[in-house]
Amino acid sequence: MKHPLLEAYIKNNDYGKMIGMDFTVVEDGLIHYTIIIQGKHLATPLAAHGGLIASLADAALGVAALSAVCKENKVVSTVEYKISFISPAFSGDELLAIGKVESKGKRLLISSCDIFCKNDKNRLVAKALGTFNAYPAEKAGYLL
């Protein structure tokens, strides 16, 4: 079972539901996020919009950080992140984003993310690196 803060995040993340992302916590600080590229995600007749890939990266980076601090009753907010787009994602592609905490301080966390196309020999689609601020869950409106 997921931690109550992760369950609350799932319940309240309407954006993630709208675009069809789903995640699994592998262990604290390591998550797998998935999405299948659909017609509504396309920017051209064939390729996914870069904003969708960026959303997947931000989610993977952030949930990795969240999974590392939720047992401390903390949540995270994105301070900054950088993404490098390496290859396009196409309609029908199943993407796997692997988010991992690289460094965890008292307040700041650094996460990395690699996004692969699972149905195309794990072709690398994007890489991202982000900084996250950990703070008490109550300040974000979570009352657990």
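1. In this predicted model, the side chains of arginine 123 and aspartate 93 meet in a salt bridge, with a nitrogen-to-oxygen distance of 3.3 Å. Arginine 123 belongs to strand S6 (residues 123-136), whereas aspartate 93 sits in the loop between S3 and strand S4 (94-104), so the pair ties together parts that are 30 residues apart in sequence. Arginine 123 is buried, its relative accessible area being 19%, and aspartate 93 is buried as well, at 8%.

2. Salt bridges that share partners also join Glu72, Lys74 and Lys104 into one network. Glutamate 72 is partly exposed, with a relative accessible area of 41%. The structure holds eight salt bridges.

3. Another of these pairs is formed by lysine 17 and aspartate 14, whose side chains meet at 3.6 Å, N to O. The two residues are three residues apart in helix H2 (residues 14-19), which means that about one helical turn separates them. An α-helix has 3.6 residues a turn, so residues three or four places apart point the same way. Lysine 17 is partly exposed, with a relative accessible area of 46%, while aspartate 14 is exposed, at 53%.

4. Turning to helix H1 (residues 4-12), the buried residues there are Leu5, Leu6, Ala8 and Tyr9. These residues cover an arc of only 160° around the axis, and therefore lie on the same side of H1. Among the elements that cover the buried residues of H1 are strand S1 (22-27), strand S2 (30-36), helix H3 (50-69) and strand S3 (74-85).

Terms used:
Residues are numbered from 1 along each chain as its sequence is written. This is a predicted model: local features need pLDDT of at least 70, side-chain atom pairs count only at pLDDT 80 or more; totals for chains, interfaces and linings use all residues. Side-chain values use heavy atoms; hydrogens and water are left out. Buried means under 20% relative accessible area, exposed over 50%, partly exposed in between (1.4 Å probe, protein chains only). Helices (H or I, at least four residues) and strands (E, at least two) are DSSP runs, numbered from the N terminus. The arc is that of the directions from the helix axis to the C-beta atoms. Contact means heavy atoms within 4.5 Å. A salt bridge is a side-chain nitrogen of Lys or Arg within 4 Å of a carboxyl oxygen of Asp or Glu.
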